Amino acid sequence: MAYDRNNLFAKILRGEIPCNKVYEDEFALAFHDIEPQAPIHVLVLPKGDYVSWADFSATAPPALIAGYVRAVGAVAKQLGLEAPGYRLLANHGADGGQHVPHLHVHLFGGRRLGPMLSKAR
Ligand code: 5GP
């Protein structure tokens, strides 16, 4: 799937749409999800044109992959979630339930999060 430079998160990364920023460095931007599904629900995006984990893991430069992974850890630490715990989730494609075609990791925390997946089959 080709990267759509007009997707919502591309616009947020370019500053064309505002976000409630939590963290930013040269590799990543993190901000609060507009419709939080936990007391803390933050999205962490790599900087660069990547649709999802598939193209990011296959084609991103190693420095960006390392920087992005470190940024996710730094955000969790900054939010005080290391000790109580947290959950990371990245949706890919239709079955994964991905809605915005720019790679993002959801970071959830602030309560016991319960089962990993809905029991619905
Ligand atoms: P996905 O379903 O692609 O994994 O996750 C997309 C996420 O983006 C959803 O959790 C949704 O609530 C969030 N979202 C959608 N529109 C906006 C927006 O305009 N601002 C922010 N901060 N989050 C958004």
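An oxygen atom of the ligand is 3.0 Å from a polar backbone atom of Val100. This is a predicted model: local features need pLDDT of at least 70, side-chain atom pairs count only at pLDDT 80 or more, and totals for chains, interfaces and linings use all residues. Residues are numbered from 1 along each chain as its sequence is written, and side-chain values use heavy atoms, with hydrogens and water left out.

| Residue | Residue atom | Ligand atom | Distance |
|---|---|---|---|
| His32 | backbone N or O | nitrogen | 3.0 Å |
| Asp33 | polar side-chain atom | oxygen | 2.5 Å |
| Val100 | polar backbone atom | oxygen | 3.0 Å |

Taken alone, the ligand exposes 520 Å², and the protein buries 83% of that. Accessible areas come from the Shrake-Rupley method with a 1.4 Å probe.

The shell around the ligand holds 16 residues, each with a heavy atom within 4 Å of the molecule. Asp33, Asn91, His99, His104 and His106 come nearest. By class, the shell has six nonpolar, eight polar and two charged residues. Here Asp, Glu, Lys and Arg count as charged; Ala, Val, Leu, Ile, Met, Phe, Trp, Tyr, Cys and Pro as nonpolar; the others, Gly among them, as polar.

Helix 1 (8-13), strand 2 (28-32) and strand 3 (40-46) each give two or more residues to this shell. Helices (H or I, at least four residues) and strands (E, at least two) are DSSP runs, numbered from the N terminus.

Strand 2 also pairs with strand 1 (residues 21-24): three bridges join them, and they run antiparallel. Pairing takes at least two DSSP bridges. Lys21 has Phe31 of strand 2 as its bridge partner. The two strands form a hairpin, with three residues between them.

Notes. Polar contact = N/O pair within 3.5 Å; in protein donor to acceptor, adjacent residues only side chain to side chain.
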